[in-house]
Amino acid sequence: QVQLVESGGGLVQAGGSLRLSCAASGRIFSRRIMGWFRQAPGKEREFVASLDRSAGTTLYATSVKGRFTISRDNAKNTVYLQMNSLKPEDTAVYYCATRDPLIGSTYDYWGQGTQVTVSS
């Protein structure tokens with residue numbers, strides 16, 4: 001069992017920055033891939049970024065590449081999403097999730113989400 005708790009959301013002006021945190025607890029294995037997703041009102045949930053804990057590799061959605069950075073603190077079992085140069089279209093509920101690549105491609109544990117609102 002894995003528990004994920006996001007924090008760090010809020011209201012920010014366009015061009016500003018926010019850092020989201022995702023604290024993980026439970027049976028966390030180094031091979032687990034950590035990801036961030038977001039869902040805007042009236043839209044489907046979309047992939048934002050992921051980090052392979054064991055390989056140290058990252059992936060980003062085209063829309064956030066160069067502006068967002070995913071990172072981790074292994075000692076704290078925490079994953080971060082640094083978001084810079086925020087745009088109104090980044091407004092969404094952001095979710096942290098994790099999956100075990102040895103099991104499949106489905107993210108099987110999710111956090112409750114944190115709201116990010118970017119004003120123009």
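This is a predicted model: local features need pLDDT of at least 70, side-chain atom pairs count only at pLDDT 80 or more; totals for chains, interfaces and linings use all residues.
Visitor: Which residue forms a salt bridge with Asp 108?

Guide: A salt bridge is a side-chain nitrogen of Lys or Arg within 4 Å of a carboxyl oxygen of Asp or Glu. Here the partner of Asp 108 is Arg 32, with the closest N and O atoms 3.1 Å apart. The two residues are 76 residues apart: Asp 108 sits in the loop between β9 and β10, and Arg 32 in the loop between β3 and β4. Arg 32 counts as buried, at 6% relative accessibility.

Visitor: How many salt bridges are there in the whole structure?

Guide: A search of the whole structure finds 5. In one of them, the side chains of Asp 100 and Arg 31 meet at 2.8 Å, N to O. Asp 100 lies in the loop between β9 and β10 and Arg 31 in the loop between β3 and β4, so this pair ties together parts 69 residues apart in sequence. Asp 100 is buried, at 5% relative accessible area, whereas Arg 31 is partly exposed, at 32%.

Visitor: Which residues are linked in a network of salt bridges?

Guide: The network links Arg 38, Glu 46, Arg 67 and Asp 90. Within it, the side chains of Glu 46 and Arg 38 meet at 2.6 Å, N to O. Glu 46 is partly exposed, with a relative accessible area of 35%, and Arg 38 is buried, with 6%.

Visitor: What is the nearest side chain of opposite charge to Arg 99?

Guide: For charge, Lys and Arg count as positive and Asp and Glu as negative; His and the chain ends are not counted. For Arg 99 the answer is Asp 52, 7.1 Å away; Arg 99 is buried yet has no salt bridge. Among the residues that Arg 99 touches are Arg 32, Tyr 107 and Asp 108, not counting residues up to four places away in sequence; contact means heavy atoms within 4.5 Å.

Visitor: How many helices and strands does the chain have?

Guide: Helices (H or I, at least four residues) and strands (E, at least two) are DSSP runs, numbered from the N terminus. This chain has 0 helices and 11 strands, and Arg 99 lies in strand β9.

Visitor: How many residues does the largest nonpolar core have?

Guide: Nonpolar side chains tend to be buried together in soluble globular proteins. A nonpolar core is a set of buried Ala, Val, Leu, Ile, Met, Phe, Trp, Tyr and Cys residues joined through side-chain atoms within 4.5 Å. The largest one here has 27 residues, and those with the most contacts inside it include Trp 36, Phe 68 and Tyr 94. Strands that each supply at least two residues of this core include β1, β4 and β9. Its largest share, 4 residues, comes from β3.

Note on methods
Residues are numbered from 1 along each chain as its sequence is written. Side-chain values use heavy atoms; hydrogens and water are left out. Buried means under 20% relative accessible area, exposed over 50%, partly exposed in between (1.4 Å probe, protein chains only).
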